[in-house]
Amino acid sequence: MQRLESHACFGGTQEVWSHASSALGCDMRFGVYLPPQAGHGPCPVLYWLSGLTCTEQNFITKSGAQRYAAEHGVILVTPDTSPRGEDVANDQRYDLGQGAGFYLNATQSPWAAHYRMHDYIVDELPALVDACFPTDGSRAISGHSMGGHGALVIALRNPGRYRSVSAFSPIVAPSRVPWGEQAFTAYLGEDRAAWREWDAVELVAAARERLPLLVDQGAADEFLATQLQPERLAQACAAVGHPLTLRMQSGYDHSYYFVQSFIGDHIAWHAAALKRSS
């Protein structure tokens with residue numbers, strides 16, 4: 001690995017690292033915030049998955065999350081949103097290709113050669129983080145928009161792997177909205193049956209672990225009705241008794257101003273779950 005950035009922040013250190021990813025077949029960057037507690041012993045890790053067009057930089061520079069991570073002694077790990085590089089397939093559209101990995105394992109050409117973000121987030125990156133930083137082996141996961149989709153799907157697909165999961169403005173039913181339909185057709189093909197494995201609403205019905213879901217959604221979000229549709233997740237959870245806290249936040253939109261406003265709640269919620277399970 002190569003450390004690209006290191007900044008003192010709330011008594012800890014915000015770093016950015018690069019490494020060669022075997023899962024993705026390219027070089028990847030990720031952010032790591034090490035709270036002051038990490039200087040004295042192992043800490044739990046919260047993985048944050050960002051949304052469309054983002055890199056590791058959006059969350060670490062816009063969310064203000066380091067303040068709360070320092071308060072609760074939580075390491076923050078922020079990967080990029082897709083594989084990158086001249087040899088990596090891309091598209092001119094902002095919501096497909098580089099910057100829009102959708103946290104799945106692509107099966108269709110040309111995407112399948114590199115777009116295996118699920119395996120990267122679940123297996124390769126945590127192994128690297130646990131080997132190189134003072135972690136205690138416990139993990140939580142969260143994200144925003146496309147990253148909220150990723151956090152929910154990854155937690156539901158991997159029971160027992162995470163102690164808690166939350167999301168801001170997630171794409172909860174990608175099989176039924178334009179963002180997801182476009183991405184899934186490209187990455188997974190035309191067979192909609194294959195899409196269900198990457199759709200939180202579909203996965204809730206058969207979930208083997210009833211890990212409580214915390215979702216914050218801005219009521220003034222410009223994508224609420226067309227792309228996000230949190231009521232679908234609420235209906236799916238109610239049908240099977242899956243615990244869900246869905247908070248509709250009046251006046252808030254899809255931006256990082258929204259994330260800033262409630263990230264402290266989410267980190268405190270994750271920290272409590274990680275401590276209960278320690």
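This is a predicted model: local features need pLDDT of at least 70, side-chain atom pairs count only at pLDDT 80 or more; totals for chains, interfaces and linings use all residues.

User: Is cysteine 26 buried or exposed?

Analyst: Residues are numbered from 1 along each chain as its sequence is written, and side-chain values use heavy atoms, with hydrogens and water left out. Buried means under 20% relative accessible area, exposed over 50%, and partly exposed in between (1.4 Å probe, protein chains only). Cysteine 26 has a relative accessible area of 10%, so this residue is buried.

User: And which class does cysteine 132 fall into?

Analyst: The relative accessibility of cysteine 132 is 42%. That value makes cysteine 132 partly exposed.

User: How many disulfides does the structure hold?

Analyst: A disulfide is a pair of cysteine sulfur atoms within 2.5 Å. The sulfur of cysteine 26 has its closest cysteine sulfur 17 Å away, in cysteine 54, so that pair is too far for a bond. For cysteine 132, the closest cysteine sulfur is in cysteine 43 at 16 Å, also too far for a bond. The number of disulfides in the structure is zero.

User: Which residues line the largest cavity?

Analyst: On a 1 Å grid over the protein atoms alone, a cavity is a set of points where a 1.4 Å probe fits but cannot get out, and lining residues have an atom within 4 Å of a point. The lining of the largest cavity is made up of Ala155, Leu156, Val165, Glu209, Leu211 and Leu213.

Methods
On a 1 Å grid over the protein atoms alone, a cavity is a set of points where a 1.4 Å probe fits but cannot get out, and a pocket is an open set with protein on both sides within 12 Å along at least five of seven lines; lining residues have an atom within 4 Å of a point.
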